[in-house]
Amino acid sequence: MRIPTEPIGSVPRPAYLIEAMGEFAAGRIDAAALAEYRDKALAETIARFTETGSPVVTDGEQGKPSFATYPLAGLASLAPDGVVIPFADGHTRQLPRLTAGPFRYATHADEYLRAAKALTELPVKQAVIAASAVSLIYPPDGIDGYSREAFTADLVDQAEADIRRCLDAGADSVQLDFTEGRLSLKLDPSGGLLQSFVDLNNQVLGRFSAEERARIGVHTCPGGDQDSVHSLDVDYAGLLPALFSLDAGRFYLQLASEPDPRRVLDIVRTHSRPEQRIFVGVTDPVDPVVETAEQVRDRVLLAAEYLPADRLGTCDDCGFSPFADDTSTSRDIAFAKITARVEGTRLAAE
């Protein structure tokens, strides 16, 4: 028996790439020079993924400015004063604000996918940002001449294209990053905002066939940035029933950092659908301690008490460096944790 295991997305960028991104932003190097550093980091990342024995790899998001804002890279109609996301340790991240329409993605994720596929024969998974997260760039007071309804229609078209281009380019699977799901319950405990996010994402997912949706997954976690989180204090029980109403075939759930994984797994068993495969998080990117393969094995076996093996998979709780400048976790630790996940999943399967 084989239990599938997959990375979530990002791994920390090498110091030389982070420096080059800063030099490019300051205008001291051009796009061609930055691309050389990015290509070098990508090749190193794919090689290190291969060394872990991972049956599926990603590009490690080496070329993304962040998991959330890559579609906006190069878009002119933005202001810097958008939604602020607070983290538990007191630091914040801020999204840009859209200033004019029509809205179009400036960058599509298949560009990253194609570069990674050129470097490996292994299956490559591609992470994309969920439409619900991108929707947060539309200002609450609206945009003259460009209604929220018009923006939403454009956004659904663009999000569909982002996924479809990845599927057409040969992605093994496409993962929608939906970290704002749990956060929405902190912003609106009534669940109204969460339901609007689910409805928006289902508009996108509804444009794909059942066969295509089997290759599309949704990732949820309480955020992870600079060894901190934004919504781990929000009860998972408020999110999970709505989460499984998303019309996707795969779900990647943060679980290793949960204080009561049995309680969460019981909710998952109750609300997930038979056709949905559940990838449980077995390594915690926020914790600097590297899990042992035996710890991972035991986490998988615990999940197997609640979910049948043919619906079970494993993953990391979250990306290791969702924002490009996050150096709180080293590349060595990230790949050590990935190695433990791969080996521990194998032990559990045995």
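Strands E9 (residues 250-253) and E10 (277-283) run parallel and are joined by 4 bridges. Two strands count as paired if DSSP finds at least two bridges between them. Strands here are DSSP runs of E with at least two residues, helices are runs of H or I with at least four, and both are numbered from the N terminus.

The model is predicted, so local features need pLDDT of at least 70 and side-chain atom pairs count only at pLDDT 80 or more, while totals for chains, interfaces and linings use all residues. Residues are numbered from 1 along each chain as its sequence is written, and side-chain values use heavy atoms, with hydrogens and water left out.

## The sheet

E9 and E10 belong to an open sheet of 7 strands. The order is E1-E11-E10-E9-E8-E7-E6, and the pairing is parallel. E1 and E6 (125-129) are the edge strands, and each pairs on one side only.

| Strand pair | Bridges | Sense |
|---|---|---|
| E7 and E8 | 4 bridges | parallel |
| E8 and E9 | 4 bridges | parallel |
| E10 and E11 | 5 bridges | parallel |

Val174 stands opposite Ile216 in E8. Val218 stands opposite Phe251 in E9. His219 has Tyr252 in E9 as its bridge partner. The chain goes from E8 through helix H9 (residues 236-243) to E9, in a right-handed β-α-β crossover. Further along the sheet, Val280 stands opposite Thr314 in E11. The chain crosses from E10 through H11 to E11, and this β-α-β crossover is right-handed.

How many residues of strand E8 are buried? Buried means under 20% relative accessible area, exposed means over 50%, and partly exposed lies in between (1.4 Å probe, protein chains only). In E8 (residues 216-220), 5 of the 5 residues are buried, so the strand is largely enclosed by the rest of the structure. Both faces are covered. Ile216, Val218 and Thr220 are buried on one side, and Gly217 and His219 on the other. E10 is mostly covered, with 6 of its 7 residues buried.

## Helix H12

Helix H12 (residues 331-349) has 19 residues. The expected span of a helix is 1.5 Å times one less than its number of residues. For H12 that span is 27 Å, and its end C-alpha atoms are 27 Å apart, so the two agree. Buried residues of H12 include Phe335, Ile338 and Val342. Elements that cover the buried residues of H12 include E1 (5-6), H2, E10, H11 (293-304) and E11 (312-316). An α-helix has 3.6 residues a turn, so residues three or four places apart point the same way.

## Residues in loops

Glu61 sits in the loop between helix H2 (31-51) and strand E2 (78-79). Is Glu61 buried or exposed? Glu61 is buried, with a relative accessible area of 3%. Contact means heavy atoms within 4.5 Å. Leaving out residues up to four places away in sequence, Glu61 touches Gly9, Ser10, Arg13, Phe67, Ala127, Asp177 and Pro322. Glu61 is not a glycine, yet has a positive phi of about 55°.

Asp227 also has a positive phi, of about 60°, although it is not a glycine. Asp227 lies in the loop between E8 and H9. At 35% relative accessibility, Asp227 counts as partly exposed.

Pro102 lies in the loop between strand E5 (97-98) and helix H3 (110-117). The peptide bond from Gly101 to Pro102 is cis, with omega near 0°.

## Cavities

A cavity is a set of points on a 1 Å grid over the protein atoms alone, where a 1.4 Å probe fits but cannot get out. Grid points are joined across faces, edges and corners, and a volume is the space filled by probe spheres set on the points. The count comes to 5 cavities of 30 Å³ or more. The largest cavity holds about 320 Å³ of space. Its lining has 29 residues, and the closest to its centre are Phe67, Ala68, Ile129, Thr179 and Phe323. Lining residues have an atom within 4 Å of a point. Helices H4 (131-134) and H6 (180-187) are the elements that give two or more residues to this lining.

Technical notes
Right-handed = clockwise from strand over helix to strand, strands pointing away. 1 Å grid on protein atoms, 1.4 Å probe; cavity = no way out; pocket = protein on both sides within 12 Å on 5 of 7 lines; lining within 4 Å.
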